[in-house]
Amino acid sequence: MSRSPRVEQSRKTRHHRHGPLSYEIFRRMDSLQLHAPFDQKERELADKRAKCHDTGRKEEKLATRVRQFLNVLVGVSVGLAAVVVRLGSDKLGNWRRETFKNLLAGKEHWDLEFGGVVLLAMGMTAGFAVLSTVAVVLVPTSSGSGIPGVLAFLNGCDLHVALRGQVLVAKVFGTILSVGGGLALGPEGPMVHIGAIVGMLVCRRCLAPALKRLGPFSQNLEAELSRQPLRYHIQAAVMGAGAGIAAAFNAPLAGTVFVVEEAASFFSKKLLLHSFISCTFAVLTCNVVSDLVGLERETIYTRTAACVGVIQSWMDSPWMSFHVAVVGVLCGLLAIFFNRVVVALGSYFAQEAQQLGRGPSLFLRRFGFSILVGSCCGAFAVCLPQAQPCLDSSLQNAFHGSSGCIMEEWLEQLVSGARYVPTSLLPEEFQDDSPKHKAGFTMSYQPRYGLFAAQYDPLQCPVAISLQKDCRVKGIENYITKEINVSATDFCCRFDDITSLKQGKFHNLSEPKTPMEMGENWPTGPCPALTWDDKEKSHMGHYSPAAALTLVPPTAVVQNLLVRGAPGVLPYTTVGAFALGYFILAACSSTAWMPGGLLVPMMCIGAAVGRLYGLFWHAVLGGAPPSCGIPWIPELKPLLQALYPRTEPLPMEPGILAFAGCAAFLSGSGSLVMFVLVLLLEVTLDPFLIPVILISVLSARTVTSLMKAHGLYHELMNVQSLPFLSETPHWRQSHYVVQDLLHQDARTQRMNQPFSPDLEGQFDREFPEVISLSRRATEAEIVEALEKRLPGDERTLVHGFPVVEPPSPNDPGGQLCGLVTREALLGLLVTTNSHGSGRVDVVPNSPAVSRAARSERSLSREPFSQHFAVPAGLEDVMDSAPFVVQGSTPVVQAHMLFARCGLRHVVVVDSGHRPIGVLTRKSLMPWRTPWLDEDNLHNDTFLEQRAAHSPTASRGNSAPSTPTISRLGSHAIPERGPHSVRKRSTDVLEGNLSPLAESMRLTTMTADEATGSGEAEAGEAGEGGQMVLEGADEPTGPGEAGQSASQ
């Protein structure tokens, strides 16, 4: 049976993944009231300031000082929180790693004893994973990094449940257990969430109580504090998020840029300065307190000595740009795949949580997955060092093919002295083309004794050659020139002393080995500490390159992968195995019920891929010996030419390509450009790497743009069904006006309302039903409006109620005069009932009103007071100056109004200023734009999401409550007249629908026939809808309207 063209087109568009995972959770999510409503209290405050300019001026000056103090207080508090996280994770991680190292010492074979070590490592890591999962079970919103939830909150979503004090405690302890316990996670992501919580708590728990006790001016400011979230609470959360990531990376500029690029949806120039101050104080506090408690400063990059010579010439060549761009493309593609794996796992676990509900079955599965991930991480940490070979910790092994950009602590072991020499005496690769540079002087180095197969010693070499003829360097006389005043007898073999030389004991001339101290970031693992080398007649140390990637802190892993000037320290087999295993473990760890971030794991994966690419070309092209990368003293030139006659300039630098991969993967996965650029430059302080970062980041972002991929955190917002409103509207929204959205909502209400012949004009409504209140509404009318449900709703979820003028003998009324929120109405009823008077003074965002709003039991049909039939005083709590648009307003302009002003509701009015609908941020989601005409369905980029959230879609494949979707085309308005009801019902019964609607109707019929209790299951799902924050379930407060997202 052949499929219709419409079905085939629907199959082709399944790669689009825009829209929420669960519309039931999406529609229940409420928005924040970011601006104070112009109610009676706001009018009184404005009148008071107008009458006394001096009072208003003093209050504004006090507000400025308070915000400045808030910057410092938030920064210091976040810095202290960062120290707690670092101290706990470092202590726990160091203890775990030292335990593993002691257990691995001497375990060179795969035997039963090593099997016991593996089981112990698996059990230990799994135990920490279980403890971290317990924190998430107790506080579900502490799971994951928390960055998607923070970004959505700063965008205007009501996620106060994720920014509470208990979330902070669970987040801190869970992060310490997961990061210190050895999971493939980092603390940098959770620090964004922790910083936002700390900022909110400082503003709410410290600043607000203090203002209550500082006089009348401060009390007025305290009232403004609760009524202006965008000015105080949101600003504190933004500054805390930026300060958290600044303290994590020790980079205040990067934290500020993160606020500008990603966190702050409502950005201003003042916010830039406030964020920078908070980030600076957070970094200073973190560094000072870390020094006091004995914590070493962590960084992802170790600065190298001055890079000279061939590496500079290679960086100036077009081959550098080519290889860096290739690494950027590869890491961009890998980042897209990584995002899809994480999103797929997150979607699976979120759907599983909705199906099972919060109960023993769900907890058992999540604990089982945490144990599995923890066991795999523990086994990976000890099995990879056992599977990879050990390497000699020698200078020759580390610096074979060195570029000359070497860490200071390693350079001190490589050279024994330095002096300035004329540049003209050095090889050509160390000379610049400018005559000024050739006439100058350049620093040259004296090699450490034993670095090369022979040595330059004009005092002892002639004696050694006379005693031992085999100590002579053969053929060196062919490379001696008049430019350098040396002779052939000035070069000889290496020996300890003349007595040993007489006995025939001199060092190996073919494969010299000089011991080297690698440092604490290069552990021995299962390798022997020292072995006797018969050729060198000395003890030689060893290290495990795999242990340098699994038994060190996460930041040290990035350091080791980014090390420059020593391409031989990490073999390509070790890097490849680590990249594959860590990729899988990071994706699984991030979706488990554990707090933890992915910023540092992303850096590890990208750096491993970039270094693997560099090592591949390094092996193909061949690496130069240590003689080529460093400007040695001119006297060594004949010796180096004699020992390495076919040396060529360095063909590749794996360290630079690892750096390019780190930047590209982080940028491609997170869709971050400026943050990555500023972060890496601030951490490295090396302008030499600017072109590397730029080329790699732009290459990765180009790939993700061409593949139409989104950032990981924005994809996770869809998994968590958060209504994030982008800064710019979708291009298709420019084809519609607000009235089109209302027509679509009206159609949806008609499709969800059961047909009844008694309801005349049931299908004649052109605009959706609007629940409004009269300005003179009584308590009974308010209770009725609060309990009223729109067609298709199973509960009352309307949050914005237009207030209209009551009718009069000369005027039918109905003109818009204000807007009142559900919280304000509940506060009005509660306050009126407690005082027995219609005069109220309500703060909409106060805790008492919030508790009343979250409780459906606060409503009752019994009278609240003896004045139940008199006007309740709606004028005192309503916003008398709401934002209003006409139905002919373009959707793009409505989107701009929400995105720029941070609105919660916008009332749509007709030409008579009567409300015909209420827009929310959910009304402007890109995938909710009306259907295209059926002839242009191939251009509909959100076809699958509209089909999945259709009012008649299969209950088994989508949430029971669905968005507002039309089947009749984007601008088609149903006929109205005496036969409209009959025609509508006849079309449904006879199947006279469009091909797309018919195919979807058939799918629905099949699902309904297979499931006899669809409506009952839908009712249960509607009552059990929950908000998911990275795999965790947390019930949310009342959301927006049911089927119509416009109110």
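**Exercise 1.** Which residues gather in a patch of negative charge on the surface?

*Solution.* This is a predicted model, in which local features need pLDDT of at least 70 and side-chain atom pairs count only at pLDDT 80 or more, while totals for chains, interfaces and linings use all residues. Residues are numbered from 1 along each chain as its sequence is written, and side-chain values use heavy atoms, with hydrogens and water left out. The patch is formed by Glu296, Glu408, Glu409, Glu412 and Glu520; a patch takes residues with over 30% relative accessible area and no salt bridge, like charges being joined within 9 Å. A salt bridge here is a side-chain nitrogen of Lys or Arg within 4 Å of a carboxyl oxygen of Asp or Glu. Next, Glu408 belongs to helix 17, which covers residues 408-414, helices being DSSP runs (H or I) of at least four residues.

**Exercise 2.** Determine whether Glu408 is buried or exposed, or in between.

*Solution.* Buried means under 20% relative accessible area and exposed over 50%, with partly exposed in between (1.4 Å probe, protein chains only). Because its relative accessible area is 44%, Glu408 is partly exposed.

**Exercise 3.** Describe how helix 6 is covered and what follows it.

*Solution.* Helix 6 spans residues 147-155 and is mostly covered, since nine of its nine residues are buried; among them are Ile147, Phe153 and Asn155. After helix 6 comes Gly156, which has a positive phi, near 125°.

**Exercise 4.** Find how far the C-alpha atom of Gly127 is from that of Gly374.

*Solution.* Gly127 sits in helix 5, residues 112-138. Although Gly127 and Gly374 are 247 residues apart along the chain, their C-alpha atoms are separated by 7.6 Å.

Key:
Patch = residues over 30% accessible without salt bridge, like charges linked within 9 Å, V, L, I, M, F, W, Y side chains within 5 Å. Areas by Shrake-Rupley, 256 points an atom, 1.4 Å probe, with all protein chains shown as cover. Lys, Arg positive; Asp, Glu negative; His and termini not counted. Charge placed at Lys NZ, Arg CZ, Asp CG, Glu CD. Helix = DSSP H or I, 4+ residues; strand = E, 2+ residues; numbered from the N terminus.
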